[in-house]
Every structure is written in C-alpha cells, then in structure tokens.
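Thanks, everyone. Let me put the model up, and then we'll go through it.

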Amino acid sequence: MTMTQTAPASIKPGLDERVLNSGTGQRFALLLVLFVAEGTGTAYDVAATATGSRELHGIALALAYLVPVALIIAAVGVYRALPRWKGRHGRSVPLSAFPDPNLRSELDGLVEVSGLQPAPQFVVDPGAASVGAVVFGTHRRPVVRLNAGLIVTRAVDPQRFRAVVLHELAHIHNRDVGITYATVAMWRVLLAAVFVPDAVLLATGVSTVSVTAVGSVTVKLLIVLMVYLTRADILRTREIYADRTAVGVWGVRPESLLPRDRVDSTGRLAVVLAVWRTHPSWPLRRRSLSTPDELFAMRAMPMVITGIAAAVAAARLTAPFDPIGAWGGVVQFLLIAGLAVGIGGVVLWRTVVHAAVTGRAVPSGWRAGLWLGLGLAVGELTNTGIIVGRPVIIVAALLAGLISVTALIMAWTAQFAELRIKTYRGESLNLAMLTGLIPPGLVLAFTLRWWNTGTWWDFSVQDQLSAAQLPAADVPWLVPVAAALTALPGSDPGLTGLWWSVPLLWLIPLQLWLVRLPRRVPRPTRATRVPRLTAARLRLPEWLCALAWLVVVLAVLCAGFTGIMLLVSAGPAGIFGLVLLGFLTAQQLWRRAKSNEPDARLWFDGEDSSIMVGLGLRKAVRIGGWTGLLCIPLLLAEPLVAGSVSYEPRWHVASLANLAWIVLSITAVMLVAGFVAGMTRSRYPVITAPTAAGIAGVAGISAQYLKSTVDGCLGSFNVMTTQCSWQPVRYIPFAEYALGYVLAPGLLMAVLLAVGTHTLRRHRHRQDIQRPVKPMVAGRLFNAIAVCLIGCTTVYHSLIMEGPLPRSNLLIAYQVSPTGHVATGVSPLADWMRFTADVLRGYGSSLSDLSDVLDTLGNSETENVLIVRSDVPPICGELSDIDQNALQDSRLYNPAPPPELERLWVRFLDAEAEVTANCWDLARARTDATIDNGFVAITSAADSALPIAKALVD
Amino acid sequence: MAASTAYAQLVMLAVCAVRRPGAADRGHEGDTLETDAVSQDPPSQRYLFDVVRDVIGDVAPNELPLVDGLRGQDETEIGRRLAAGSSRDDPLGFGAGEVVVLATPIVWGVVQHLANKTAEKTTKGIWERVRDRVRRRKRAPEPLPPFNRAELSQVRDTVVEMAARAGMKPARAEQLAASVVDHLVFIDTDTNGVRQ
C-alpha cells in the first residue's frame, strides 16, 4: 500500500478522445448477440434433449426461436423496472423535500452548464455517506441521486459538489445511462436464462447430471464471466470519458474530481482486482485527466474476451441457424465477425491515430490480432465438434491456423489505418475507419463460416472420389488434388461463400491509392480549437455517414455489375452502367476541385503537417504485373500435364485435372509474387503483399479466360476442343471455378508467406521517404472504371452461382459440366447435360459391374448358372430403372435440347434398352450354352451403344 | 456541570414547546388522520425527528439541510435507509471516493433503536405493521418514550461506539453522545428518571 499524493492535473492540448468512435456500442452489441445466442442455444439444447433429436422440426423449432424473443422482452421489462426499483420509496428522497433554495438553484445552474434537455430529475440518498452521486433511470428519463455526503460537503467545498454533479451529468451527456442499465438488465436475465433451464431439466428428470455436467456448466460460467468482465470494462471506460467531459468541456477543475489524499493499493493483486471493478483506480483517473492515453490504449484482456465471446456466440448459433439455410449462416457470421472486428479494429484505429499524432511507434496490429485470435481459439474449444475424438496436436494445428488468419486480418487493419491516417487528412475519420473495417470483417466472416461448416475436419480425398463415383486409383495425380480443393474455402463459388471478400484486402488499398487527394492542411493556431471542431463535426450522426457510405458502395456495385453486362451484351442495363460510371468520374473530379480549398473539418492538431508518406503501391502493382506473366507458360503447359482432347479421351477426368492445374499454377505464381513483395522494403507488407499477389492472380485468371476463348485454335495447346471457332463464353467457367480458390485461400497463403519473408528481412527496413502525394487525374478515371469492373466481376459471377453444393456434387459438377454453369435454372442446356451425364455414368457403372460378373464366369469353382442367378438380376434391375426413367425425365427439361442431341439421346436409350433386355435373358439362362449366347448379345449391344454415348459427350 | 446544562436545556425546551417549528409543521403536512393528533401533544412529548434535528443543530450544523429534507418522511423508512449506507460500486456512480462521517445516521439509528426497544409493549403488533406495510400507509410518528438512567447510559455508549466505528474522532464522538443524552434527558418526566 502506498500513499499517493494528489498532483494538480490539467488537461493538456492534444488529440480529442472523441476523434473516433469509442467502440462502446459495438461491445454492447456483442453482449446482446451473446445474450441472444446463449438463450437460443440453451432453448435449442433443451428442445433437443426433450425431443431426443438434434434435428428439430415444427413446434419444437419454433419454440427454440421464440425463447430469445421472450428473453429480450424480459430484459426490456427489467430495464424498465430498474429505475422504479432504485428510486423506490424509502431509498431516496426527492429534491423537493429539501427546503434549501440555494441547493436547487445551484443544480439548475449546473444543468444549464451541461446543456442537457430536458433536465434530469434529482433525488437524495440520505444514508450514503460518500461524497458522490449516481445516475440511473433510462436514456430518456435519467435520475441523478446525490449522496448525503455530497450534500453535506457542499457547504465546505462547493467546487467538489459542482465537479461531482457535472461528472454525473456528463454520463447523461455521453449517453451512458441507457446502455449501462440495458447491460444490467441483460446480465440479470442472462443469469436466469443460463442456469434455470438446466435446473428444470435436472429437477424434472428429463436430463441427467451427465448430460449437463462439466462441459456445459463450464461454458455457461465462461459466458457469465465474460459478460461481467466486459460490462465492468465498459463502465470503467465510461467513467474516464465522463471525467474528461466534465473537465475538458464544462471547465471543472481536475483536482475537484480527485480525493485530497487517498490510499491506493498498488501491485499485482490490485491489477487483478481492478478488472472486476466498475470504476477505474484513482491513480488511473488522475492520469487520464491530464492525458487521454488510456482511452487510446490497446489492452489484451478486452481483445481476448471479444474473441471468446464471438466464437462462443458463433458456435451457439450454428445449430439453431442451420435450418434457415445458407443465408442464415451468412447473416450469422457477418454479424459476429463484424462485431469482433468492429471492437478490435476500433481499438486498433484509436491506438494508431494516437501514435501517429503523438509521434510514438505505430503498433503493427500483430499483437492485437494474436490476442483476438487466441480468444477465438479459446472460444472454439467450447465447440465440441472440433475437439472431441481428435488428437491434441491436430486441434492445436487447426487452432494455430485460425489464430494466424486473425492476426493477419488485424495486422492489415493496423497498417491500413496508419496508411489512411498518414496519407489523407481532413476528412471524417469515422467514415475512413468504417471503410477500413469492412474488408477485415468480411474476411473474418469468410474464415469463421468455413471453419464452422466443420465437415472439412474429417475430410478424406478417397471418400470424395468414391462419392463422386471416380476411381480412387489409376487416375492422373491432379484428380485427387481437385478433390482436395473441394475441402478449401472457395469451393462454394456463390455469393454466400463470402470468398469474394478476400480480394477486398487489396482492392480497397488500391482504390485508396488511385483516388488519393492531398489536402492543404492549415496549421492550427490554438489548441482550444480541437474540442470545438470535434464537437461540431460530431453533430453529423454516425448512422448517416454509414448510410451514405452504403449508398456509394451500392452505386459502385451497380456500376460494376452493369459494366460487365455491357461487355457481354449491350442494352439498357449497359447504358445505365455507363451513366453511373460517368457520375462517379464527375464526382471524383469534383472532389479534386474541392480539395484545393482549406479544409475546416480538422481533427488533428499535430505540429507536423508534412507526415504524408508514399504508399509504395506502385512497386506492388509492378511486382504483381510482372510475376503474373509467369502464369502464361504455366497455363500453356496445361495439355502436357493435365491432358487434353488430343491425348486423353476420358474427358470428364481430364476436366477435373485441368481445373486442379489452373488453380495450382496460378496459386504458385501468387506465392512467388507474395514472396517478392515480402522481400521489398515496404513499410506496409500486409498491404503491398496482397496487392502484388492479387494482381498476379487476376492476371492468371485473365490469361486463362483468354486462353479458353481461343481454345481450339492453339494447335497442340488445345485443351477442351479441336474446333477453331469464336466461342467467347463456352469455357469461361474454368476461370470462374478457379477464381474462388485462387483469390481467397491462395491470396491468404501468399500474404502469410510475404509476411514471413518480410519479418526475416526486417533489419533492412528503411525509413519511408516522406513526400507529398501528387493528385492523379488518370488514376481517378482508372479507379472509377477498372476497380469497379475487377471488383464487381466477382460479385456478378457470385450472383449467378448457386452454392453451397455438397462436396461430391461439386466434383460431379466439375467433371460433368466444365462448360456450363453449376446452378440449376441458369443454363437449361447445362442442366440437361448434367442429367444425361448422370444417366451415362449410371449406365457405365452398371455395365462395369456386369462385366466384372461375366469375367468370373468359367474362372470360378462355383457353377456359372449359380453366379448368373445370384449376381446378374440386381444389375439388370439397375439397367431397367435407367431405361424406364431416362426418357421420361429428359422431357422435363425445358426448353428441349437441340434436335441433333435429342436424336442421339433417343438412339442411345434404344441401345440401352436392348442391353437391358439381353441382360434379363442372361439372368434367365439355365445352361452354359444360353449363358454364352447372352454374353455375346450383351457385348454386341453394349458395343453399339458406346459410339452413341461418345457422340453425346462430344 | 452536566446537571446545569440539563437545567438550561429544560428551560429552553419549555420555551420551544410553545413555538416548536417541528411540531407546528407536522400538523399541516401529515397525509393521514393519525398525524393530526400530533399537534395536540403535550409540550413535554418529543419526537425522534426533533431530537435528531436539535442534536445535529448543536453538533453538526452543516448536516441540517440534509436533516430538513427528512422532515415528514416515514421514520421507519428513514431509519432503514440511513442504516443501509451507500453501495461502493454502483454503475455510473462517482466511485468510492471520500467518505464523510455523518452524525445524522448515528443519532437517528441509536435513538430509534432504543425507543423501539423501550416502547416495545406499547407499539403495534406484528400484524398491524404488516398491514401498514401492505397498504403503504405512512405511520404517524410516535412520541419518544421516557428513558431511565441505564438506558441513557446505554445510548451514550452506543453513540460513542458507532461514531468511532464510522471514523469520527473520539472528542467529537463524546461531544455528540453528550448532546444526544442532553436532548433525551428532558423527555423523562418520570419521577424515577435520571434527575433523581
């Protein structure tokens, strides 16, 4: 215990703590999500236990969904009842009971200073001896309760009285009341919701101790602990904000807020105890009054708790969200990843802006990411699907992967924040932060979504091949690679797969580089401008900024989308796209003209107005472009490695091998680009590496697209066809299928490699050349067209894709329909082809079985007749099924296939019917002679059907 | 010395009984029929609130605004509230800062406790208390019962002990205890009281 003396503190001019969103709202939202997730998960578990099945239907499912609604209603009820309970008769005395007119007029004066409208209600707690007060109630009707100790102190120390009351009014001004008591209400309802259902199940005997034992209770205790610690942390931060508002905005003397002499415990125990308290320690409050460092600091504990809460919420919501379908999963993970990155990212942005302004070392973001990732990993340990029945080393490796990606995402966030802050000043930082947090949020959602599908944990290449009716042995080595690819994220090429979010990691910085707008930043003359200007800027509600950003993004997406349409087929949509592109270009030019005016919206009062740094993206673009050229020889080597129409007649296997080769070769080139980018001396390796690798990947995909377009005219380099004709869209799907794999997991791997390389070469890191950035008119034009087109091609293709497909279906789709879309209903011809291919495969499989049986005839000790009677009829049954259904089903496809295809189809079915008839004859054979006749008949019929099938395929 | 002080206060009490502001006010502010009877009490009867206010006026006048705010409130409720103290870690509270040693809760608590104990036989039964509680009817303040020497001695000791426990300096605690006894001594009209 040490005695600390009160040093007169004073607010120093510096960065206003309100320059960026404080992140409290996001943390509250995460608590809310956790609350709903736990409620839903518990209800689902209870319903599943009661019905004895994890697959809930009907009323049981509806009840599981209704429980969280009931919990929210209960929490709202508690929220409304809390003020009545705290202000109940006997607990406090209304101010009107006090005859002292000076007290009332002084309070009125303080309310006037704070500018609060309407004025809060005041009551007195006659029993509270401390010189303090408390605010409670709701956001609309706050109540300030003054302690008796404060009332008594007023006579001897009026400044103290004024300071304490203004501190409480600052809580109301900072909108702390509603959020705090909503958290209290949730906390109380959560306690009941978490533990009561288990108690009921145990009491009624529906559940046994073993079911709800250790694991479940541990998770629940963890949730309760997290909610408590988060709530305490939020409250501590709000206290510091309230102190600083009272001092910085309303002119309270700092020493009036601090005790005169105060014994404060120090040491490790005090630090441990501090995280449980709802108020910061006095030394911290004293420090925070003179400098806002604490409000910009990154601490490990909130990061870890955020990670755990996000992972637990994701795991708890997975089973209840599952019946909703793919979009349910997307919403779930977007919400949770958005909150996790929203909380961690805001902390990082705040740390970075503070470091940039005060000239301290800017954090790299890796540490924050590691803490967040560690939290996610701990939360995942509660996800029984991953740990049960797996060796510890495997679990550790899986979790290490998750931590790496999370660390990468947060490092990107920190570097982008530094780049954004140092390069462009004078604009709304909150808007810039929002833009900077969207890509990492989406990428984390992509990672978590793939992670929580869970089925890849038990992935087996052999199982996939056999499920897709492919031979497990004696196939080109690229076929198992293609099967392995289906376990990766990116195998769901649709919009709901979220793979398209990963390229944003380089498209957004690229866009930033292209629209760079230097500002003439006037040096502020008075530090006192900062609070005033910040307050003025804060008047614009944040939701309006977010809405405006959303509108712009939607406009850009529409422009890109319609631009692609224009390339494919000109029409009204294309014209509309052109108009939008023109609008965007004009807007950029207008922004440039405006940028020459002195910008009044200052948030920054640093001494140095020339800290703009070069972005270094020019080099990254160059690396990406040059290494991208490596794709051309690799793709041209495709027929040699993967086979082609010239070498390999088994087209369906070859198309799978081709896909694997395309993905492998482009990914390899991206890794090279990442490696080279990592070797350069960029200050922002996590920005430049994805740019280089992404550009290399896009170059590879474009090369593949061009190659497919001219396939058939390339001589020995032909892959799918030997007919040289103009078929611009026929083989596009090859590029499309590769897109998801190349630009999502491929990009992440390349960035991780680049970061590793960069770390090893860090000692050669050099100081950035600080130079003003020149405006770039051509760049803006290029931005409006190129980035929209590149970025939105992915969205366009995602929109027309349908996913997710089960893995075996994916393999079948790749092998059957290399030239058509996977989705049903998009291309009737592709659907018809897939259907016919299914029939062909079924026919081939039955014929192969029959051939195996016939091979045993004469070689076995068993009599031929017995073999025929036992083994042949089932095969004949399969053939009969195909025969009976195929013609009928093929007529369901509308529009009908081209006439020549249909003629071939009918001929094939006739041949197949003959094979079936011969098969039944064979099955009825009772002598060796009739068996021989049947054998010959079947062979000839099958031989006559084969050329028709080949013609169909071609 | 104590006897002369007590005598002087007896004279003052006689004066105050005619124009005692507390008694006069109570006659107007009562919200139940029972309180109307208070104004017609004989001057020798004193009430808890009056004793506390007088003691605080003597010993801790800066607490008078606080005591004045308690006028007309239910005595039991106030006693409960004063005894509850303040919670240290209230969300959105100012925090566990400095604590003022308040005399009011000590005086109120000790006197009320003793009065309840002394007048146990004459107070309402449990059923009546429950009924009042349910009906949320404010109970009329009852005059303090007379205390004998032993009880006053107990009051003095308890006040000193409670004050010391609350962190009051010993000299001030003694002063507070003496003041309480002085103000209670006049209530004893019984010939067997302390004056003998």
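How many disulfides does the structure hold over all chains? One, where a disulfide is a pair of cysteine sulfur atoms within 2.5 Å.

Ground rules. This is a predicted model: local features need pLDDT of at least 70, side-chain atom pairs count only at pLDDT 80 or more, and totals for chains, interfaces and linings use all residues. Residues are numbered from 1 along each chain as its sequence is written, chains are lettered from A and ligands numbered from 1 in the order in which they are written, and side-chain values use heavy atoms, without hydrogens and water.

Back to the disulfide. C876(A) pairs with C919(A), S to S 1.9 Å. The two are 43 residues apart: C876(A) sits in helix α32 (residues 864–890), C919(A) in helix α33 (residues 899–924). Helices here are DSSP runs of H or I, at least four residues, numbered from the N terminus. The link is left-handed, with -80 degrees about the S-S bond. C876(A) is buried at 0% relative accessible area, and C919(A) is buried at 0% too. Buried means under 20%, with a 1.4 Å probe and protein chains only.

Now the interface. Contact, meaning heavy atoms within 4.5 Å, takes in 26 residues from chain B and 48 from chain A. About 3300 Å² is buried between them, 60% of it from carbon and sulfur atoms. That is accessible area (1.4 Å probe) lost on being put together, summed over both parts. In chain B, L92(B), F94(B) and E98(B) lose the most area to chain A, together 29% of what that side buries.

How values were computed. Buried means under 20% relative accessible area, exposed over 50%, partly exposed in between (1.4 Å probe, protein chains only). Buried area is the accessible area (1.4 Å probe) that two parts lose on being put together, summed over both.
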